[in-house]
Amino acid sequence: MAEAARLKLALSDDEPFLGHKACAGCGGSLAVRLALKVLGERTFVVLPAGCMSAVGFLYPQLAFGCNAIISTFAGTASMMSGIAAAARALKLRDYHVVGFAGDGGTADIGLQALSGAIDRHENFIYICYDNEAYMNTGVQKSGLTPFGARTTTSPVGPHAAGARSRKKDIFEIVAAHGIDYAATATVAHAHDYIRKVERARTTVGTSFLHVLAPCPTGWGIETSETLAARGFSPCEQQTRLGASAACRMT
Amino acid sequence: MSVEATARQPQPLFMSGNEAVAWGARLARPHVIAAYPITPQTVVIERLAEWVAEGKLDTEFLHVESEHSALSACMGASALGARTFTATSSQGLLYMAECLQYASGGRFPIVMMNANRALALPWNIYGDQQDSLAVLSSGWIQIYIEDAQEALDMTIQGFAIAEHAEVLTPVMLNLDGFVLTHTYEPVDVPAQADVDAFLPPFRTPSKMSLEAPTSMGFTAGPAHYTEFKVQQHRAILRAERVASEVDQEFGRRFGRSYGGAVVPYRCEGADVVLVTLGSVAGIVRETVDKLRARGVAAGMLKLRLMRPFPEREIVQALSTARFVGVLEKDVSFGYRGAVFSEVSSALAGSAARPALLNFVAGLGGRDISRNDVEQMFVELQSATVRPLGEQVRFVGVNSNG
C-alpha cells in the first residue's frame with residue numbers, strides 16, 4: 001500500500017482535523033484524524049451527537065478542514081444516506097462520505113439506520129470508534145461494553161459485578177448483512193488501520209470499520225497508554241481487534 | 001436519465017388528496033425523496049415510486065427504515081443543496097420529533113406532507129389533528145389544506161416558501177387523514193414547464209460543497225446558541241409575508257390562489273364566527289351560508305397557517321364578532337384545544353372581547369356532521385363570557401362515554 005506508506009502519521013500543517021478539544025490521549029480523535037488524512041479534503045463527514053461532535057466543532061471553533069455535519073444520535077447512517085443520495089443526484093465526482101460514530105451510537109441507538117444503509121449498499125464509509133462505553137456522557141454501559149466491565153451504570157458491588165451482558169459482536173452483525181466491505185482495526189496499529197481505510201476508500205458500496213479506540217478518561221489509564229491498551233474484552237474480540245485483525249469481503 | 005416533461009393535462013384528472021400531493025412533489029422535481037410508509041400517507045409515496053419506476057420522475061428515492069431516518073436522510077441531502085421531499089403521518093411524525101427540531105434549527109428547506117391522523121393509545125388510524133398540533137413548536141411552517149387542488153398547488157408553493165432566501169425553513173403540509181387524503185376530486189395538473197418557471201432549481205450558498213468546504217449543524221454553547229435561535233425565529237416569522245407573496249405569484253401564473261395565512265368567509269360585520277382549519281372548513285362554509293340566509297350574521301375564519309401564527313390577521317378578521325368559536329380536532333390534555341389557546345392568546349391583544357368557546361370534535365376520525373356545526377353556531381350565539389375552565393366543549397360525546 002504505497003498510499004499508506006506515503007502518509008505521515010505525525011501532525012502536518014494541513015491536517016483535516018486539527019484544533020479540536022478532545023482529551024489528551026483520545027483514541028477516537030486519532031481514528032478520525034488518520035482516516036481523514038487518507039480520504040482528503042473532498043470528503044463529507046457525518047458525526048452524531050457524541051464526543052467527536054462535542055470536541056470537533058463547538059462554534060466558532062470548527063476543527064474540520066472538510067465538509068462536516070452533526071447528525072442526530074441515531075441518524076449517522078441515515079444522514080450519510082441522504083448525503084450520498086444528494087451527491088448522486090447532483091452528479092458530484094471524486095468525493096467520499098464518511099461517518100464516525102462511537103460504540104453506543106453504532107451498536108445501540110444507531111443500529112437501525114446502519115442496517116438500512118448497508119441493506120441499500122449506500123456508497124459510504126462508516127467508522128465505529130469503539131471505546132467500549134458512552135464516554136461523552138460520563139462512561140455509561142453500551143452494547144459494546146465487555147462483560148464484567150465497570151462503568152458508571154454497571155458498577156461493581158456486593159450485588160453486581162460490572163456489565164452483565166456480553167459485548168455485541170457488531171462485526172458479525174454488520175457482516176451478516178452482506179456488506180461490501182467490513183474490517184476490524186485498532187488505533188494502536190495505525191498503518192493497518194490506514195490500509196483498511198484505503199480499502200474502504202476504493203470500495204463501491206458500504207464499508208464498515210470497527211476500530212478499537214481507547215479512552216484514557218473512561219478507562220482510567222494514562223494518556224500515554226492509549227496505543228498500548230487493549231481493553232477488557234473477551235479473548236475472541238482480542239483476536240479481532242489485535243494486530244492480525246480479521247478482514248472480510250463478501 | 002432524461003424525463004419527458006409533462007404538458008398541462010387538458011382535462012382535470014380525478015385524483016385523491018394523496019395523489020395530488022404526489023403530483024405536486026413530482027412537478028417540483030426533488031433531487032431526493034426519502035420516505036417510510038404509514039397509513040394514510042402511503043399512496044403519496046407509492047405514486048412517486050411508480051413514477052420513478054416508469055421513468056417519469058428523475059429522483060433518488062430512498063427506501064429508509066423509519067420516519068426518523070426519512071427526515072435524517074432529507075437533512076443530509078438538503079445540506080448539499082438538494083431539493084428534498086418526504087411524507088408521513090401520526091406516529092411517524094412523532095417518531096421524527098427529534099429530527100423536526102433538527103431540520104428547522106439546521107434551516108433545511110425540506111417539504112413534508114403530513115396526513116393528519118390520531119395518536120395512540122388507543123390505536124387509531126383515522127383522521128384528527130392531534131399529531132401536527134403536538135409538534136406546533138418544532139420550528140416548521142405548518143400549512144393546513146382544504147382540498148385536493150390546494151394540496152397539489154401548495155406542495156409546489158411549499159418549496160417556494162421553504163427555499164426562499166429569507167425563510168430557509170422546512171414546510172409541513174397537513175391534509176386530514178382519509179377525509180382529504182382518500183377523497184377523489186377533479187384536479188388541474190399544470191404543465192411541467194410552467195412549474196419549472198415558477199419554481200426554479202434551489203440555489204443556496206448555505207450548503208456543504210466540494211469547492212468551499214464548511215461545517216454545518218455544529219455545536220453552539222450558551223455564548224452563541226441564543227443568536228442562532230433568534231435568527232431561526234425571525235426567519236419563520238418572515239414566512240408569513242413570503243407565503244402570501246408566493247401565493248399571489250402562483251395566482252398570477254396559474255389562475256389559482258388561496259389567500260395567505262387566513263381566509264375569512266363572510267366575516268365582515270359578522271356577529272358569530274367559527275374559526276377552524278383543514279377540510280372541515282367545507283361544511284362550516286355551507287353552514288354559514290345557511291345561517292346567513294336565515295338572517296344570522298355568521299362567518300367563518302379558516303386558518304391556513306398555524307406557524308407562523310397570523311395573529312394580526314386573526315384579530316382583524318374577528319374585530320366585529322361578539323361570539324367566537326374554535327373548531328379543532330385535537331386537545332392539549334390538561335388544558336384545551338391547541339388552536340383555541342393560540343386564537344385566545346391573539347384576541348387578548350384585541351380591543352374586541354368576544355365570548356369564546358372551544359369545540360373539540362372529530363377525534364379519531366369521528367364524523368363532524370352539518371348538524372354538529374349548526375349546533376355549534378347555536379351554542380355560540382347564546383354564549384356569554386365563560387369563567388375560566390368552562391370554555392371547552394367535546395362535541396358528540398356518547399352519554400355513556
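Visitor: B:Asp196, how exposed is that?
Guide: This is a predicted model. In it, B:Asp196 has 27% relative accessibility, so it counts as partly exposed, the class between 20% and 50%.
Visitor: What does the B:Asp196 side chain meet in a salt bridge?
Guide: B:Arg29, at 2.9 Å from N to O. The two sit 167 residues apart, with B:Asp196 in helix H8 of chain B and B:Arg29 in the loop between helix H1 and strand E2. B:Arg29 is partly exposed, at a relative accessible area of 38%.
Visitor: And B:Glu146, what's its salt-bridge partner?
Guide: B:Lys302, with 2.7 Å between N and O. B:Glu146 is in the loop between strand E6 and helix H7, and B:Lys302 is in strand E13, 156 residues away.
Visitor: Is B:Lys302 buried or exposed?
Guide: Buried, at 7% relative accessibility. B:Glu146 is buried as well, with a relative accessible area of 13%.
Visitor: Which residues do shared partners join into one network?
Guide: A:Arg88, A:Arg120, A:Glu122, B:Glu60 and B:Glu65, joined by salt bridges.
Visitor: How many salt bridges over all chains?
Guide: The structure holds 35.
Visitor: Switching to chain A. What does A:Arg33 pair with?
Guide: A:Glu15, in a salt bridge whose closest N and O atoms are 3.3 Å apart. A:Arg33 is in helix H2 and A:Glu15 in the loop between helix H1 and H2, so the pair ties together parts 18 residues apart in sequence.
Visitor: Are those two buried or exposed?
Guide: Both A:Arg33 and A:Glu15 are buried.

Notes:
Residues are numbered from 1 along each chain as its sequence is written. Chains are lettered from A and ligands numbered from 1 in the order in which they are written. This is a predicted model: local features need pLDDT of at least 70, side-chain atom pairs count only at pLDDT 80 or more; totals for chains, interfaces and linings use all residues. Side-chain values use heavy atoms; hydrogens and water are left out. A salt bridge is a side-chain nitrogen of Lys or Arg within 4 Å of a carboxyl oxygen of Asp or Glu. Helices (H or I, at least four residues) and strands (E, at least two) are DSSP runs, numbered from the N terminus. Buried means under 20% relative accessible area, exposed over 50%, partly exposed in between (1.4 Å probe, protein chains only).
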